[in-house]
Amino acid sequence: MGFSAITPPTTPHSAVTNHTPDAATSNNDYCVDIISATHSELTVAAETMAKDIRENWKPEYGNKKEQDQEVTNWNERHFNSTSLLLDLKLATSGHFEQRQALVAKVGENPVGILYMNFFSSTPYIQDLVTHPGSSGVGCMLMEKAVNESYQHQQQGVLKLFPLDETCQKVYEKMGFVMMDDQNYMLLEPSKSDAWWFDSAQDRYHLKRDKK
């Protein structure tokens, strides 16, 4: 299963600007909380997020040749998010053991979901989907996932399968490396310049570029 791109449009139209929970900055008007969710909470979050995107964040239609790149990117992210939320609901309908769901919320509104499992020796991110009107939420979810891996005595190591080259580039900025002769990416935060370990808090932090 694939992954949604984490980076939002660079210059969102007004609807995005009015709703953006910017988790990458410390001086914003939104507080993003990340919780560990039960299966039922995950299902409700996915359904709520999909409904909000469908009803309140509709893509712009028209002649694609006449669209600027910003609108094209928005439409693609809108499609990816709604499709992945449907896939996520189907993928989590079975056993929930040895899996963990993380839900990012602004108030009571879900804006991102990360679904990972611990079946293998390396924790695997099965799904990551963020609200198309969000910014930085994917980074927050990834940081939480790294620390969940660390708490499970896995040194914060994670692996995932990127959806496409665009997603691969996003994950590379987070420190993931495409493995030779493999189709998956591996993150080892202790060996990555994108991460630093806070010994006082006993946790990893993702370095974020200053705006």
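Which residue follows α5, and is its phi positive or negative? The residue is G175, and its phi is positive, near 100 degrees.

This is a predicted model, in which local features need pLDDT of at least 70 and side-chain atom pairs count only at pLDDT 80 or more, while totals for chains, interfaces and linings use all residues. Residues are numbered from 1 along each chain as its sequence is written, and side-chain values use heavy atoms, with hydrogens and water left out.

The protein has 5 helices and 9 strands; helices (H or I, at least four residues) and strands (E, at least two) are DSSP runs, numbered from the N terminus. Of its 211 residues, 48% are buried, where buried means under 20% relative accessible area, exposed over 50%, and partly exposed in between (1.4 Å probe, protein chains only).

Helix α5 spans residues 165-173, and C167, V170 and Y171 are buried in it. These buried residues line one face of the helix, because they fall within an arc of 95 degrees seen down the axis of α5; the arc is that of the directions from the helix axis to the C-beta atoms. E165, T166, K169 and K173 are exposed on the other side of α5. The cover over the buried residues of α5 includes β4 (124-130), α4 (137-151), β5 (158-160) and β7 (185-187). At the start of α5, a side-chain oxygen of D164 comes within 3.2 Å of the backbone nitrogen of T166.

C167 counts as buried because its relative accessible area is 2%. C139 is also buried, at 18% relative accessibility.

Methods:
Contact = heavy atoms within 4.5 Å. Polar contact = N/O pair within 3.5 Å; in protein donor to acceptor, adjacent residues only side chain to side chain.
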